[in-house]
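This report describes one structure in plain terms. It starts with a single helix and then turns to the whole chain, the interface and the salt bridges.

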Amino acid sequence: MKRLGVFICHCGANIAGTVDVKSVAEKIGKTEDVAHSADYIYMCSEPGQQIIREAIRGKGLDGVVVACCSPSMHENTFRKAVKSQGMNPYLCEIANIREQCSWVHQKEKEEATRKAEEIIQATLEKVRRNDSLEAIAVAINRRVLVVGGGIAGITASLDLAEGGYEVILLEREPALGGHMAQLSRTFPDLDPAFSGLFLKASEVERHPKIHLHCYSELEDVKGYVGNFELVIRKKATSVDRGRCTGCGICIENCPVEYVSQFERGMGIRKAIDTLYPSSVPNKPVIYREHCRYFIDGSCHRCEEVCPEKAIDFKQEDERISEKVGAVVVATGYELYPKEQLGEYGYGEIPDVIDGLGFERMLSPNGPTKGKIIRPSDGKVPKEMVFIQCVASRDPDRYMPYCSRICCMVTAKHAKIYKEQVPDGQPYIFYMDIRSDCKGYEEFLQKTIEEKRLLYLRGRVSRVFQDDGRVRVLGVDTLTGKMVEVAADMVVLATAIVPSNGVKDLAAKLRATVDRHGFLTEAHIKLYPVESSTKGIYLAGCGQSPKDISDTVSQASATASKIQALLSTDKLLQDPLIAFVDEEICSGCGICVEICPYEAREMDPHRGISMVHSALCQGCGACIASCPNNACELRNGSASQVLRMVDTFVS
Amino acid sequence: MAEFEPRIVAFLCHWCTYTGADLAGTTRQQYPPNIRIIHLMCSGAVDSIYVLKALIDGADGVLIGGCHPGDCHYQTGNFKARRRVAILKGILQQMGFTENRVWLKWISASEGKLFADTVTKMVEELKKMGPNPMKQLWNA
Ligand SMILES: Cc1cc2nc3c(=O)[nH]c(=O)nc-3n(C[C@H](O)[C@H](O)[C@H](O)COP(=O)(O)OP(=O)(O)OC[C@H]3O[C@@H](n4cnc5c(N)ncnc54)[C@H](O)[C@@H]3O)c2cc1C
Ligand code: SF4
Ligand code: FES
């Protein structure tokens with residue numbers, strides 16, 4: 001028979017105010033195998049823990065139940081305390097009598113007291129059948145994969161590399177930067193976006209610890225925290241990156257021109273081109289779908305003019321294998337697709353553009369060299385309409401959430417517009433103004449006052465073209481009147497949505513996304529940069545819309561979490577995982593099918609199922625599905641659960 | 001005779017509903033003390049035998065709580081639970097449990113109030129249904 005100890009906490013009046021702890025301690029003390037039953041005002045305090053330690057020594061206990069707050073609070077505390085006395089920590093369990101008893105039945109003292117006693121009895125049933133377990137030590141690979149080379153991925157990579165860790169940085173475009181490379185100046189300080197980004201990106205390119213793979217994607221991932229195995233696909237650039245000096249002669253000579261997505265449809269791009277002028281790395285790729293060599297073999301211009309003989313039409317996609325211990329997903333965002341924005345005329349009316357389009361227009365390296373002009377006729381717009389919350393905060397038709405940056409983006413746009421066109425009039429349609437970060441409210445108020453911006457509160461119902469102008473119809477909800485503005489140009493602050501393909505990527509990494517496709521964190525408050533899969537971390541707009549300051553902070557937080565993870569040689573994992581009774585297992589293979597982590601495998605020689613202990617996450621799916629009850633969870637066996645049920649029902 | 005007080009056994013997943021039940025406590029939501037909670041890692045770990053055993057032994061209701069579809073920490077455990085419960089319901093019908101005594105609910109870690117409301121509602125409904133018919137069998 002075991003010698004068990006039960007320790008009941010008053011938690012001040014939090015528990016003892018409802019549960020009669022003395023009578024519970026007394027009753028539990030009469031249980032046959034309970035050698036010690038005590039109560040104390042704060043079990044988690046030093047003297048409280050001392051009571052436990054002394055009882056373990058004095059009474060030779062070999063199992064402990066602490067009846068107190070939720071295990072999420074102090075399970076670790078008490079397991080450490082018993083461990084200090086040489087007891088296996090997994091022989092200590094928590095009976096949750098605060099969150100799930102005293103706090104929720106404050107008026108039913110008698111019933112709560114009975115319930116607390118039953119919870120303790122059930123927990124005793126569990127402890128009676130618990131085994132001593134050792135944490136599983138797995139070797140760890142101290143390199144990190146970062147997916148996405150926007151400012152989030154750049155920051156995380158640099159932090160990790162500076163910390164001494166090797167980083168593999170994947171970017172699917174030919175160059176680094178993400179959306180920050182498209183921005184003109186950034187709120188609230190109106191610094192040029194590009195120069196800051198350029199510095200950081202160049203640092204990445206030069207850093208000896210960062211292996212940069214642009215124009216590359218993650219094809220396959222296997223493994224688990226500490227030991228991920230990757231296959232990376234490097235798309236053929238058709239340019240020998242070792243030879244190319246980035247002189248740009250090929251780009252000048254390429255005869256093919258088409259509309260540039262980077263310039264949001266307002267500029268042109270060549271079939272051989274860089275992602276943007278002075279990109280990092282500053283080497284072009286051949287976009288094969290546009291190149292005449294690849295379409296019909298009719299052109300070799302770039303090959304002829306390249307002084308370095310760097311053009312390589314025969315280049316093929318390359319697959320490389322890598323091993324890492326952790327992964328950062330920094331895949332960023334996109335703007336809500338214009339095809340789906342019917343009522344705003346975007347995509348049909350040339351003088352209706354989106355925020356990123358306006359950023360390109362304001363950029364000195366953009367399609368208009370920084371000049372604000374109407375795309376349709378090149379005239380300077382004298383009346384400008386900015387519309388906020390386009391496709392955001394509209395649960396019926398678009399996205400229900402707030403995209404967080406559009407209020408500030410719009411104020412910034414209106415301000416820069418007024419600086420360039422002092423006699424112009426900006427009108428801003430808005431729902432609310434949100435400016436809750438450092439310096440934002442001040443920036444906004446100052447801009448509104450100095451630039452005489454006209455804010456109209458209300459949603460726009462229709463945007464249409466009429467007589468060379470863009471008519472915007474809306475309701476001013478403050479006056480209740482219809483408003484109509486005949487504008488020269490309209491800028492839409494469209495919603496931030498997750499990047500294309502992030503769902504597939506998340507599935508490969510076994511990370512989860514919410515119903516909009518944003519990556520979900522393990523806990524929104526307590527574990528905001530960890531995904532729900534161990535070893536997979538989040539940074540930037542792929543997790544939720546945010547500005548650059550928040551993106552950078554989050555990326556640094558992620559990098560330091562990973563540094564903590566990788567600071568040891570071995571990773572200790574909870575041993576509460578599945579195991580197989582080899583005598584019973586019939587080898588049906590149902591568990592292999594059911595396991596979401598590929599932790600079950602058939603032993604081909606013995607015809608029975610095995611558990612890969614480093615892969616098993618202990619979810620229990622295989623256990624519930626095994627038709628023979630041949631597998632169990634350590635310290636969570638069917639017999640333990642059934643006995644708890646017994647305690648509760650009889 | 002004292003009013004019939006149903007007994008509910010609940011199997012709650014670690015990541016969502018168990019944490020939601022904790023939040024109900026932290027925010028001092030009040031609900032009837034008729035429920036006894038068993039912590040499991042995932043709703044997909046709820047073996048049919050757990051539910052059957054509880055009902056055969058005389059529990060008046062069983063509550064299974066998991067993460068909302070798409071939110072299961074182990075990807076698809078809650079879908080497994082949903083399938084299992086659907087099958088179980090057929091068997092329970094044949095065993096003479098004609099009422100809905102097994103509730104499968106998606107309650108997230110942030111839905112403490114929903115947890116409390118669910119328990120309150122379930123107790124009310126079970127009171128209307130009356131005691132688990134198995135109990136009579138045992139007592140006959
Ligand atoms: C119009 C507009 C104006 C803005 N102005 C400001 C401003 O003034 N101040 C401010 O603070 N913020 C501003 N922002 C917000 C700013 O753009 C973001 O905060 C920032 O760019 C987020 O960086 P990120 O790295 O998370 O995402 P991104 O910049 O989107 O970078 C993500 C990167 O990941 C890559 N990627 C995606 N999927 C994959 C994959 N599967 N494999 C490999 N690579 C992948 C992408 O190609 C991209 O390079 C503005 C935003 C908009 C729309
Ligand atoms: S407990 Fe879950 S993770 Fe572990 S082997 Fe079984 S199904 Fe796979
Ligand atoms: S973890 Fe909550 S249902 Fe699977």
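Helices and strands are taken here as DSSP runs, a helix having at least four residues and a strand at least two, and they are numbered from the N terminus. The model is predicted.

**Helix α3 of chain A**

Helix α3 of chain A covers residues 46–59. With 14 residues at 1.5 Å a residue, the helix should span 20 Å, and its end C-alpha atoms are 20 Å apart, which agrees. Which residues of α3(A) are buried? They are Gly48(A), Gln49(A), Ile52(A), Arg53(A), Ala55(A) and Ile56(A). These residues cover an arc of only 160 degrees around the axis, so they sit on the same side of α3(A). The face turned away from that buried side carries the exposed residues Arg57(A) and Gly58(A). The cover over the buried residues of α3(A) includes strands β1 (4–9), β2 (34–40) and β3 (63–68) and helix α4 (71–83) of chain A. After α3(A) comes Gly60(A), which has a positive phi, near 60 degrees.

**Chain A as a whole**

Chain A has 19 helices and 36 strands. Of its 650 residues, 57% are buried. Its C-alpha atoms fill a box of roughly 90 × 65 × 45 Å along the principal axes. Among the contacts in chain A between residues at least 6 apart in sequence, 69% join residues at least 24 apart.

**The interface with chain B**

In the interface, 40 residues of chain A are in contact with 40 residues of chain B. The two chains bury about 3,500 Å² between them, and 57% of this is on carbon and sulfur atoms. Gln100(A), Phe648(A) and Val649(A) supply 17% of the area that chain A buries against chain B, more than any other three residues.

There are three salt bridges across the interface of chain A and chain B. Arg7(B) forms a salt bridge with Glu118(A), with the closest N and O atoms 2.8 Å apart. Between chain A and chain B, 17 residue pairs are in polar contact. On the side of chain A that touches chain B, the elements giving two or more residues are α4, α5 (98–102), α6 (109–128), α18 (621–625) and α19 (638–649). The largest share of that side, eight residues, comes from α19(A).

Over all chains, the search finds 53 salt bridges.

| Residue | Partner | N to O distance |
|---|---|---|
| Arg114(A) | Glu111(A) | 2.8 Å |
| Arg233(A) | Glu219(A) | 3.4 Å |
| Glu484(A) | Arg471(A) | 3.1 Å |

Arg114(A) and Glu111(A) are both in helix α6 of chain A, three residues apart, about one turn of the helix. Arg114(A) has 42% relative accessibility and so counts as partly exposed. Glu111(A), with a relative accessible area of 26%, is partly exposed.

Arg233(A) lies in strand β12 (residues 227–234) and Glu219(A) in strand β11 (residues 216–224) of chain A, 14 residues apart. Arg233(A) counts as partly exposed at 22% relative accessibility, and Glu219(A) counts as partly exposed at 29%.

Glu484(A) is in strand β26 (residues 481–487) and Arg471(A) in strand β25 (residues 469–476) of chain A, so this pair ties together parts 13 residues apart in sequence. Asp351(A), Arg374(A), Asp377(A), Lys379(A), Glu383(A), Arg469(A) and Asp488(A) are joined into one network by salt bridges that share partners.

Conventions. Residues numbered from 1 in each chain as written. Chains lettered and ligands numbered in written order. Predicted model: local features only at pLDDT ≥ 70, side-chain atom pairs only at ≥ 80, totals over all residues. Heavy atoms only, no water. Expected span 1.5 Å × (residues − 1). Buried < 20%, exposed > 50% of the residue type's maximum accessible area, 1.4 Å probe, protein only. Arc of directions from axis to C-beta. Contact = heavy atoms within 4.5 Å. Buried area = accessible area lost by both parts, 1.4 Å probe. Salt bridge = Lys/Arg side-chain N within 4 Å of Asp/Glu carboxyl O. Polar contact = N/O pair within 3.5 Å; in protein donor to acceptor, adjacent residues only side chain to side chain.
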